[in-house]
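Let's take a walk through this protein together, going from its overall build to the details. Have the sequence and the 3D view at hand as you read.

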Amino acid sequence: MNEKRLPLLPASEYGAFKRAWENYGADPTWRERFSSDPVKCLGDFPEISDVYAAFKAIGMLSRRPFTENAAHQRQGFSPYYDEYMRRYEKVRAYLEERFREERFADKRLFRWNEIALRRARVQHGELRNTPTLLYYPLMFELSEGCSQQCPFCGLAAGRHVGDFLATPEHRQLWREILAASREILGDIAGEAACYFATEPLDNPDYEVLLSEFAAVMGNYPQTTTALAAGEPERIRALMSMMGRERMGLAALRFSARTLPEFRRIMELYSPEELADVEIIPNNPESGSLYSLSGRLYKKNLPPGKRNKGYSISCVAGFRVNMARQAVAFMEPVLPSDESPTGVQIRAERNFAAAGDYRKILREFIDRYAADRLPEDLPLMLAPTVTAREEERYVLFRGHGVSLRMGGNLYFRQAVRQLREKPGTLGELYGRLGIGEVVGADVRQKLQALYEKGYLALV
Ligand code: SF4
């Protein structure tokens with residue numbers, strides 16, 4: 001970023017620019033009007049004081065050379081682009097700070113989470129261009145299923161069948177579960193969102209449970225809702241509950257599923273009100289991508305829509321469903337016949353009280369948060385990774401990335417074996433006819449491959 005920054009824009013002016021940019025991304029009619037007469041189109045927003053600078057900023061954000069002079073595209077030239085980037089960097093710095101190792105009480109979970117992220121980036125090149133991608137080690141669901149049944153739902157959320165209501169008993173259990181999560185996972189537990197394959201506002205007591213969350217964790221978690229067009233007053237109350245400072249850190253996002261819904265959101269809320277709210281244009285006409293997972297697994301996309309071939313899940317760790325009182329350990333994987341939602345669930349267990357919950361968390365970390373290669377879980381080359389022998393090296397290729405690794409004959413044979421069939425370390429040693437001592441070098445090499453994301457556990 002430029003050292004010299006332009007002065008901050010008022011929220012009303014930034015909100016107006018942001019709205020123009022959102023219209024450009026989501027609404028083809030608006031985009032056409034903008035393309036034929038941008039000055040007139042941006043003139044619809046009286047708060048935008050420099051229409052030409054706003055025009056340039058939209059060009060910079062959409063990476064289209066709207067201006068002939070390439071120097072005009074540089075960062076910081078437009079106050080609107082500058083403000084956009086300033087806000088983006090603030091959120092990024094906040095998340096980096098919140099996800100650092102010291103905030104994980106169990107360092108194995110931190111390291112395993114990093115390995116899962118590295119593996120995803122080896123398997124799918126687009127994820128390497130997403131520096132803000134984070135895998136959350138904990139996520140809560142406060143309902144069972146989702147009322148919205150969006151046709152593109154990457155998690156194929158089931159029908160909404162119930163909620164974890166804020167009865168006095170449930171509030172007590174919720175506080176205990178939150179405290180246990182914080183005790184075992186550390187302060188990182190405070191980043192857990194309270195939705196996954198659920199719509200948070202399906203639960204009529206969502207806000208009550210959120211304020212309990214804030215009381216235990218000291219933080220309001222991030223909320224993404226598809227009900228912005230249906231419940232504006234409830235959402236305004238949620239915004240004021242979160243407060244201006246938290247709202248400035250990407251605490252609230254709206255999913256707009258159809259063009260009429262997008263337009264309705266634009267009508268219901270002023271640009272200034274949404275200056276800090278991220279709008280996710282999920283309508284088919286928008287430029288955003290759909291994941292070919294969940295309900296779209298092996299389906300055709302709407303005409304002109306592009307896809308992303310990776311999971312939309314961002315949980316590598318625990319998903320806790322409070323309505324079913326069940327905790328699962330899971331990680332994102334490439335969507336496949338075995339895992340069409342792009343979520344691999346390693347294990348799931350019910351809990352009756354915070355005591356069981358604590359035990360399950362510990363047991364799942366011991367068993368599945370493997371930062372070292374486990375003895376009893378089979379290894380395999382990560383899906384999409386290939387291995388080719390080249391004299392004394394093996395060349396591993398992921399999606400647009402590769403790694404050349406030298407090793408002795410046994411290492412090369414072990415890789416050959418893994419190409420054919422997954423196996424535990426013990427099975428591999430058996431197939432190679434070697435013991436622990438000779439196998440130590442093989443183990444070390446496989447460990448390095450695992451940490452770099454080229455190996456996976458079955
Ligand atoms: S995309 Fe979100 S709101 Fe839509 S069905 Fe899936 S979980 Fe529900």
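**From domains to ligand shell**

Taken over C-alpha atoms, the centres of domain 1 and domain 2 are separated by 36 Å. Keep in mind as you look around that this is a predicted model. The domain assignment places domain 1 at residues 11-88, builds domain 2 from two segments, 104-221 and 306-368, and gives domain 3 as 379-457.

Now zoom out to the whole chain. The protein has 14 helices and 16 strands. Its radius of gyration is 24 Å, close to the 23 Å that the globule rule gives for 458 residues, so the protein is as compact as a globular protein of that length. Along the principal axes, its C-alpha atoms fill a box of roughly 75 × 60 × 45 Å.

Next, turn to a pair of helices. Helix α4 covers residues 51-61 and helix α5 covers residues 79-98; their axes lie 7 Å apart and the two pack at an angle of about 50°. An angle like this makes α4 and α5 oblique to each other. On the α4 side, the contact is made by Ala53, Ala54, Ala57, Met60 and Leu61, which meet Pro79, Tyr80, Tyr81 and Tyr84 of α5. Sorted by class, this contact holds nine nonpolar residues, with no polar and no charged ones.

Finally, visit the ligand. Around it you will find Cys146, Gln148, Gln149, Cys150, Cys153, Leu155, Ala157, Ala197, Thr198, Glu199 and Ala226. This shell divides into seven nonpolar, three polar and one charged residue.

Conventions: Residues are numbered from 1 along each chain as its sequence is written. This is a predicted model: local features need pLDDT of at least 70, side-chain atom pairs count only at pLDDT 80 or more; totals for chains, interfaces and linings use all residues. A residue is near a molecule or strand if its C-beta atom, placed from the backbone, lies within 6 Å of it. Ala, Val, Leu, Ile, Met, Phe, Trp, Tyr, Cys and Pro count as nonpolar, Asp, Glu, Lys and Arg as charged, and the others, Gly among them, as polar. Axes are lines fitted to C-alpha atoms, for helices over the stretch in contact, and angles run from 0 to 180 degrees between N-to-C directions. Helices (H or I, at least four residues) and strands (E, at least two) are DSSP runs, numbered from the N terminus. Angles under 35 degrees count as roughly parallel, over 145 as roughly antiparallel, 65 to 115 as roughly perpendicular and the rest as oblique. Two residues are in contact if their C-beta atoms, placed from the backbone, lie within 7 Å. Domain bounds come from an automatic or database domain assignment. The radius of gyration is taken over C-alpha atoms; the globule rule is 2.2 Å times the number of residues to the power 0.38.
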